[in-house]
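User: I'd like to talk through some helix packing and a pocket. Can you start with the terms?

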Amino acid sequence: MSDEELYSIGDAARRSGLSVSAVRFYGDRGIVEPTGVNAAGHRMYDIDAVARLELVRTLRELGADLDEIRRLLDGGTTLRELLATHLRVVERQERTLRARRAVLRTLIRQGDATARAGLMHKLVSMTDEEREEVVDAFWNDVGEGLEVPEGFVQRLSAVRPVLPADPSATQLEAWIELADLVRDPVFRDAVRTWLEETYSAPEARVVATEPFQEFIHAAGAPLMEELLAAHRAGESPRSPWAQRAVTRFMAAAAELSGRPLTADVRDRMADGYRQVPEILRQIAEEDAVSESPVYDDTHGRYLSLVSLINGTAAAEGDAGSLPYGWIADAMRAPVPR
């Protein structure tokens, strides 16, 4: 290969966007070595080496370290894998910066110097990134060895706080409180105990399995929403609209157990829904005197704070607001003429 086909170190630096000292450094570290030297002993680079230098510059700007880049260039990993890893890092940094921006905006809006100082005191005890990571640690700790169906804890952990770009002081306070709660070992133990006691019975374990959870939170949700839309519109539970909606919902629910939707199944499901308010009342009474962890103080508290932070209408699992009597009337099997 002749000198005319090679670039000097200065030209290679200009073409790759690096400094001469950086090109020399990467050569000395064995990252991108020169293609050869000219008669004067100066380093020379071909177009392939220049392209590798450009890639090194891009990856370094994205935060890749030299060992990662060396593995890539030596064939120990693929560019796709390396980029995917750093994309996850960048996305986490983006979430952290959004949270920090929200904190600063809220602090600036606080007119009361005492209130601002109080928020600052709470915020400096934990960095924004730690507040992101502590939720992961919380669910990892709660779920470790927990005797519940596979995938159930992962589904619970998917309900996460997302601080808006322009939060209210209330949302920011809720975010601070949640971060303090989830890193509290006592709270973690209480959530773990509540989940264990709640889902230890065979019938409860069935509800926590993937098919039932998928139906409750995904496939069945729009079917129930269609039924509730008929209720909000003032429809009679026996109206054609309500009957079409409830039949679709019940047929999908019955399919989970491999049963056809018979008149007997409809009536039993209707009886079950009619009994829910009384069951909820009994649970509330038992919780009031219980010495064991209860929903409102454990998982319910987590969901309530997440709901407040995210600005959603109600926390997931707020079962008390459904029109159970109306739904039960809609579910009743038609009386044969």
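Analyst: Axes are lines fitted to C-alpha atoms, for helices over the stretch in contact, and angles run from 0 to 180 degrees between N-to-C directions. Helices (H or I, at least four residues) are DSSP runs, numbered from the N terminus. This is a predicted model: local features need pLDDT of at least 70, side-chain atom pairs count only at pLDDT 80 or more, and totals for chains, interfaces and linings use all residues. Residues are numbered from 1 along each chain as its sequence is written, and side-chain values use heavy atoms, without hydrogens and water.

User: At what angle do α12 and α13 pack?

Analyst: About 170°, for α12 (residues 210-232) against α13 (residues 240-256), with the axes 8 Å apart. So α12 is roughly antiparallel to α13 (angles over 145 degrees count as that; 65 to 115 is roughly perpendicular).

User: Which residues of α12 and α13 meet?

Analyst: Among them are Phe212, Phe215 and Leu223 in α12, and Trp241, Val246 and Phe249 in α13. Contact means heavy atoms within 4.5 Å.

User: And how does the contact of α12 with α13 divide by class?

Analyst: Into 16 nonpolar, one polar and two charged residues. Ala, Val, Leu, Ile, Met, Phe, Trp, Tyr, Cys and Pro count as nonpolar, Asp, Glu, Lys and Arg as charged, the others, Gly among them, as polar.

User: How do the axes of α13 and α14 cross?

Analyst: At roughly 95°, coming within 11 Å; α14 is residues 263-289. That makes α13 roughly perpendicular to α14.

User: Which residues meet there?

Analyst: Met250 in α13 and Tyr273 in α14 are among them.

User: New topic. What classes line the second largest pocket?

Analyst: Six nonpolar, no polar and seven charged residues.

Note on methods:
Helices (H or I, at least four residues) and strands (E, at least two) are DSSP runs, numbered from the N terminus. Angles under 35 degrees count as roughly parallel, over 145 as roughly antiparallel, 65 to 115 as roughly perpendicular and the rest as oblique.
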